[in-house]
Amino acid sequence: MNTKLNFLNGLKRQQYNHWLLVLLFALFLLLRLFSSTPYFLIQPGDDARFLVLAQNFPNHLIYNHQFYLVHPPIFPWVIALFSFFIEDYLAGILVSLISASISFFLIYLIFNKVTSNEFVTFTVLFFYSLSSAFINLSTTISKESFALMITLFCIYYYLLFVESGNRNLGLISAVFGCVSAFTTDHTLLLLPALAVTAFFFSK
């Protein structure tokens, strides 16, 4: 009898968490799709540079057809691929929004691995959804949302690798790490993150 009650309570808890996750994601999307922002769609800074680099795909060229070293090429290349279907500036915004949305669920998965405290997990998602900085980054042509997604993928698969010892998972993590290196110079921050993960979660 107690086993049956525990099972039913656990099932109700899972359903509650499921609907809470759905509501938080709905809030996440509403704030990004319908909130006003002081940001312009296209700025004279990195936004315009990324669009020019995407137009020059697959060559990473700008400024009189010179190779551009300031920003790695992956993010403009992804914009270029999306540009086959929609206007380039909309493609850039869509890449940022999709990346931020995937990051939402990756944060959920990572914190479910790191802690069994559901309150902590949903609190992090709540503040991520309400963050004005992340709202701006996910609705403009900025590589930060895409870079965050790749970094979270790398950490998540590395965490699975450390827990299970499955080398295939470690290889997937390494691939995302390489993609991150060709997306942003913030990849250097991955090294201490992976070291801490290995320290706390290795068997």
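**Patch, packing and pairs in a predicted model**

Author: In this predicted model, a nonpolar surface patch is formed by Leu 81, Phe 84, Phe 85, Ile 86, Leu 90, Leu 94, Ile 98 and Ile 102, with about 750 Å² of accessible area together. Helix H4 (residues 88-114) gives the most, with four residues.

Reader: Take Leu 81: what makes it partly exposed?

Author: Leu 81, which sits in helix H3 (residues 74-82), has a relative accessible area of 44%. Buried means under 20% and exposed over 50%, so Leu 81 at 44% is partly exposed.

Reader: Why are H7 and H8 called roughly antiparallel?

Author: Helix H7 (residues 143-164) and helix H8 (residues 167-181) pack at about 160°, their axes 8 Å apart. Angles over 145 degrees count as roughly antiparallel, so the pair gets that name. The crossing of H7 past H8 is left-handed.

Reader: How do you know that Glu 163 and Lys 113 form a salt bridge?

Author: Their closest N and O atoms are 3.4 Å apart, and the cut-off is within 4 Å, so the pair counts. Glu 163 lies in H7 and Lys 113 in H4, so the bridge ties together parts 50 residues apart in sequence.

Reader: And what makes Lys 143 and Glu 144 a salt bridge?

Author: Here the closest N and O atoms are 3.6 Å apart; that is within 4 Å, so it passes too. The structure holds two salt bridges.

Note on methods. Residues are numbered from 1 along each chain as its sequence is written. This is a predicted model: local features need pLDDT of at least 70, side-chain atom pairs count only at pLDDT 80 or more; totals for chains, interfaces and linings use all residues. Side-chain values use heavy atoms; hydrogens and water are left out. Patches are made of residues with over 30% relative accessible area and no salt bridge: like charges are joined within 9 Å, nonpolar side chains (Val, Leu, Ile, Met, Phe, Trp, Tyr) within 5 Å. Accessible areas come from the Shrake-Rupley method with a 1.4 Å probe; for residues, only the protein chains shown count as cover. A salt bridge is a side-chain nitrogen of Lys or Arg within 4 Å of a carboxyl oxygen of Asp or Glu. Helices (H or I, at least four residues) and strands (E, at least two) are DSSP runs, numbered from the N terminus. Buried means under 20% relative accessible area, exposed over 50%, partly exposed in between (1.4 Å probe, protein chains only). Axes are lines fitted to C-alpha atoms, for helices over the stretch in contact, and angles run from 0 to 180 degrees between N-to-C directions. Angles under 35 degrees count as roughly parallel, over 145 as roughly antiparallel, 65 to 115 as roughly perpendicular and the rest as oblique. A crossing is left-handed if the near helix is turned anticlockwise from the far one by less than a right angle, and right-handed if clockwise.
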